Amino acid sequence: MQISQRTVARGNVLLCVLCTILVVSLIGGNVLLNCVTRYNVASSQVRSWKESLDAAETGGDIAYAEVRKTILDPTHAFSSWTYSGGAYTNSPVTYGTDNLSTSSRVDPFYYDGNGNAWYRIRTKGTAPVLGLKRVGMDDRMGPNTRGDSLLRKIDFNYDHFVATYGPNGDGIGETLLPVSNPQISRRVELIAAPITPFEAAIKAGGTFYGLGSAAYIDSFRSTTGPYDASVKTNPSDPRYADSQAGTVELDSSVATIMGYIYGNVYTNGGTVTKNTTSISGIIDNNVPFTISPFIMPSTASWNYVSSPATVTPNTTITPAAPGSAAQPNYYLVTSFVNNGSLTVNPATTANGVPLETYVAIHVTTDIGSSTGQGPSFTIPAHVHLEVYFDGNFQTKAENIVNTSGYAGNLQFYGITPTDPTVQQTVNLNSGGGSTAGFAAVFYTPGANFTINGGPDLTGAIVCKNFYANGNVHWHYDRALDSEGDAVDYRVISYVEDIR
Amino acid sequence: MKLKTSQSIAGFTLSEMLVSLSLSSIVLAAAITSGVALQKSFAATDNYFSTEMQQIRIIDYLNRDVKRGLIVTTSVDLQSVTMRVPKYIIQAGDPEAIADPEAIGMPRTPTVAYTPSGWQVNYSPDTSTTTVVYSISGNSILRTENGVVTTIASSTDQLVPQTTDVDLANTECANTSVTFSPIFTSGGAVAERTGTSLYATAYLRNKRRG
């Protein structure tokens, strides 16, 4: 028998292939990991970080809209929000294809001297972070640096903010709150401040004609001293800057400007005509704005006094208590005779010392008419009177007597008619060529405002259409820009909570 | 019985060896060259993306502070930015923190003041603000707030942020560009730097002070 034995020496091809695949896979895996990390950062984390701010600011807009309703539509303000602990909160709102969500908390944190509420809006926006959470963040920058960790603060497993500072960020109620998916939340705090009505000498939503050719509008600041007519033409006077704010703002292209304006003129698409060289400030014909209709403020918290309900030729009001700007003594007047004379005296201490006294009167009829001497208003110092009227207003300029000389102490508000076919009017005449004027402010956004004659006025006016044909001397008090009832809100502070 | 052992041990002829060695050397050289090139390319690309991420981070840091800022000032060489931001969070050493150490890290309730330029909201009893400075130190971009320095970006690619602040009627905006020189390029040509430019513009949300 013959036995054949063959020995074949071969390399293991399979092992070589597997090793090669392993090496290539390691390289590929490393490349893929780097690519996914970069992709996660660039496409997902950065995007989510920016989108979460978008969501937070959207929440701010939603809350701001509710704050505005407290003035423009009080019955529907915060109607679907929850009120607890002095703050309004809403349920999270989800929107957009990226499922962004936002929620807000609003609380009135301050009341100014006019009794207007200032609102703090704290809002949170959350954006989901797509991609594998195991990939983590891009922190590869250096041995002692942390890259994105300090900036983007992604919640991979738990909400870091609630765990550290509590849900409201005030250190109360910290808890470990798991998140279903990785997310980024950003928080901003906004302050909504009331817009008071008298930020310009004259503000008209419609047409403007006036003043007389020898008239002028200038300004001063009563908190730095009394009005001085020489300041407006004396640039070396330290009060000069305050004398150049007699600004006229018109939301119309129809404007015929006469006289001298020591301030700016703004129109909405207009071409300011006639003597425009006598305007000391800038002329901007592209400044549109909106004047909201004025509605009667809520009187629920005011101190209602039932008498008097009628103003006769000799009516005097002396409140028993001084009240406050937020809670004035409130009178409802249903009859104001044509020659009615209303005097409001301050409340006093037991020793007869006058107190700063706040009075609000709602007149549901016309005040004055085109016949007779017209009604009169007299307030001594220490009285802060607000007159709200539903109808028309007509009197002589000299019939308005404000002894303090500060226009903010005598405020007239024309409640805008709900019927658009009804045109409210305010007429102020100067009888017999009198230059006697007054210190007062008028906020009548629905009224056609007319001034005849050449009275010397200190104050501000907001109206629909404005007409004046006399040589009025008009002094706008810059201190008025913080006076009066809120007519709207604006956001004046923004800060991001970067914790 | 006769055993027949057949051992097929085949060798190479010298010519076969020379040919195979030549071919394998060429293949190996090509493989090594390709591998090194791939590795360098990967490292360069990885570094480029890494630096690009830091560009984005610089912009995001800066814009976040500009948005909540009260005023922004840039240096003459445009490479240093100083801004004032509200003192929103109570820090150690603040009066509130001394009165109540638990208050550290918590937000303040703002106060309201009327000034000649209008109403002002302050997050500090003395109306002071926090100063944040962005600057370059060597290869690093630093952010300094209340004396605390944070390195927000660091790269051998010579990251250079440049910011200009533009005053507007009531507000302000900051235009920022960040460039770098990728390490895999040579010569430091201007075009290589400008090709990496990243631009951003951010507006103050607050009314400018000053």
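Helices (H or I, at least four residues) and strands (E, at least two) are DSSP runs, numbered from the N terminus.

Welcome to this predicted model, where local features need pLDDT of at least 70, side-chain atom pairs count only at pLDDT 80 or more, and totals for chains, interfaces and linings use all residues. Residues are numbered from 1 along each chain as its sequence is written, while chains are lettered from A and ligands numbered from 1 in the order in which they are written.

**The helix pair**

Helix α1 of chain A (residues 13-72) packs with helix α1 of chain B (residues 14-67) at an angle of about 15 degrees, and their axes are 11 Å apart. That makes the two roughly parallel (angles under 35 degrees). Axes here are lines fitted to C-alpha atoms over the stretch in contact, with angles from 0 to 180 degrees between N-to-C directions.

From α1(A), the contact residues include A:V31, A:V41 and A:W49, and from α1(B) they include B:F42, B:M53 and B:D60; contact means C-beta atoms, placed from the backbone, within 7 Å.

**Backbone details in chain A**

| Feature | Value |
|---|---|
| Cis peptide bond, A:G210 to A:L211 | omega near -5 degrees |
| Cis peptide bond, A:S307 to A:P308 | omega near 5 degrees |
| Positive phi, A:F78 | phi near 55 degrees |

A:L211 sits in the loop between β9 (208-210) and β10 (216-220), and A:P308 in the loop between β16 (303-305) and β17 (310-311). A:F78, a residue other than glycine, is in the loop joining α1 and β2 (82-84).

Key:
Parallel < 35°, antiparallel > 145°, perpendicular 65-115°, else oblique. Contact = placed C-beta atoms within 7 Å.
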